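Dear colleague,

Please find below the sequence and structure that I am handing over to you. A summary of the findings follows.

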Amino acid sequence: MPEIHVDSLVKQFGEQRALDDVSFDVAEGELFTLLGPSGCGKSTTLMSIAGFQTPEEGRIEVGGDVFYDAARRVSVPAERRNLGIVFQSYAVWPHMTVFDNLAFPLRVRKTKRAAIRPRVVEVLDLVEMGPYIDRYPHQLSGGQQQRVALARALVYSPSVLLLDEPFSNLDAKLRERARAWVKELQGRLGLTTVFVTHDQDEALSMSDRVAVMSQGEVQQIGTPEEIYRRPTSRFVAEFVGNVNLLTGEVAATERGRIALEIAGGRKLWIDSERAQQPRAQVTVAVRPEALRLEAAETSTLNGSNTLDATVRSVAFLGDHYQYELETGDLSLTAQTPRAVFAERVKVHIPADACAIVE
């Protein structure tokens, strides 16, 4: 049984359909990410699970308990769902010390007084904030406030952890450290987590699985590698990293392979088990780092899927070089770990690096 079951959620804000038949399952102990641009419905989905938004249609079940069912008119209040949530703004109470920020949700749940301090100390040690127990939020850095917010969400042993863009207020270096630390903590606790972000790097580096959303719909669900290497739609291909999109007409098929006639009458072979009708228009996505690039004069690249190209621009980006190429009427972006010192190059597009997108 999945730990979280979300089925056919529909949410309307005036004439805007914020959620349009959103469905997914989250396994026990999984870190599941909702990824997409602003306004795609990811936070609305999270707030619906938390109980702060009420959809018009659908069903939400957590750990076998029905939290929301439109058909049966069931809607459990947020305070009775026992879910931990960390907001984008952290929302730590400025007039309370770190201890009181964590003690408050325990007091609301009528935890015995003698048990409160040991539990607060235990959780603060877990997030490495024990020495700051008597400080106020204004005496803490942004990263420390984030850890207090996370500790407050964990202190009452929630069944599920919900994270709503918790790193967006941190600088780049601190954000990298924070996401690695949260991922390690989540795995150590085995806590089922739903994470909302618009940052592709965060989604790819932290998640067990990712649901990419656009305009209130789930576009694709898969592991980070599946989402990156095998996108099923143009939106997913373009949103998650850089990509080359090549459109052609089906010219030939073999077992497990398709030949596309692309710009200039050239053939591009791609690996695909999906049946395609002859002369059908097909678009494939290929990531820039998958392309092989060599100087034309010394290249050993030949055969199918190898094109002559001209370098239009090159940029050094720290750990790689990015090339803008032109081959006939076709423009390509390629990335290489080492510089290719040539104006004329050969570029090879591996057949197994191409993914058909709708």
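**Strand hairpins and a helix pair**

In this predicted model, the hairpin of β17 and β18 has 4 residues between its strands, and Gly318 there adopts a positive phi near 90°. The two strands, β17 (residues 306–316) and β18 (residues 321–327), are antiparallel and pair over 6 bridges. Within this pairing, Phe316 lies opposite Tyr321 of β18.

Strand β18 also pairs with β19 (residues 330–336), again in the antiparallel sense, through 7 bridges. Here Tyr323 has Ala334 of β19 as its bridge partner. β18 and β19 likewise form a hairpin, with 2 residues between them. In that turn, Gly328 has a positive phi of about 65°.

The other finding concerns two helices. The axes of α2 (residues 98–108) and α3 (residues 113–126) come within 10 Å and cross at roughly 120°.

On the α2 side, the contact is formed by Val98, Phe99, Leu102, Ala103, Leu106 and Arg107. Helix α3 contributes Ile116, Arg117, Arg119, Val120, Val123 and Leu124. By class, the residues of this contact comprise 9 nonpolar and 3 charged, with no polar ones.

With kind regards

How values were computed:
Residues are numbered from 1 along each chain as its sequence is written. This is a predicted model: local features need pLDDT of at least 70, side-chain atom pairs count only at pLDDT 80 or more; totals for chains, interfaces and linings use all residues. Side-chain values use heavy atoms; hydrogens and water are left out. Axes are lines fitted to C-alpha atoms, for helices over the stretch in contact, and angles run from 0 to 180 degrees between N-to-C directions. Contact means heavy atoms within 4.5 Å. Ala, Val, Leu, Ile, Met, Phe, Trp, Tyr, Cys and Pro count as nonpolar, Asp, Glu, Lys and Arg as charged, and the others, Gly among them, as polar. Two strands pair if DSSP finds at least two bridges between them.
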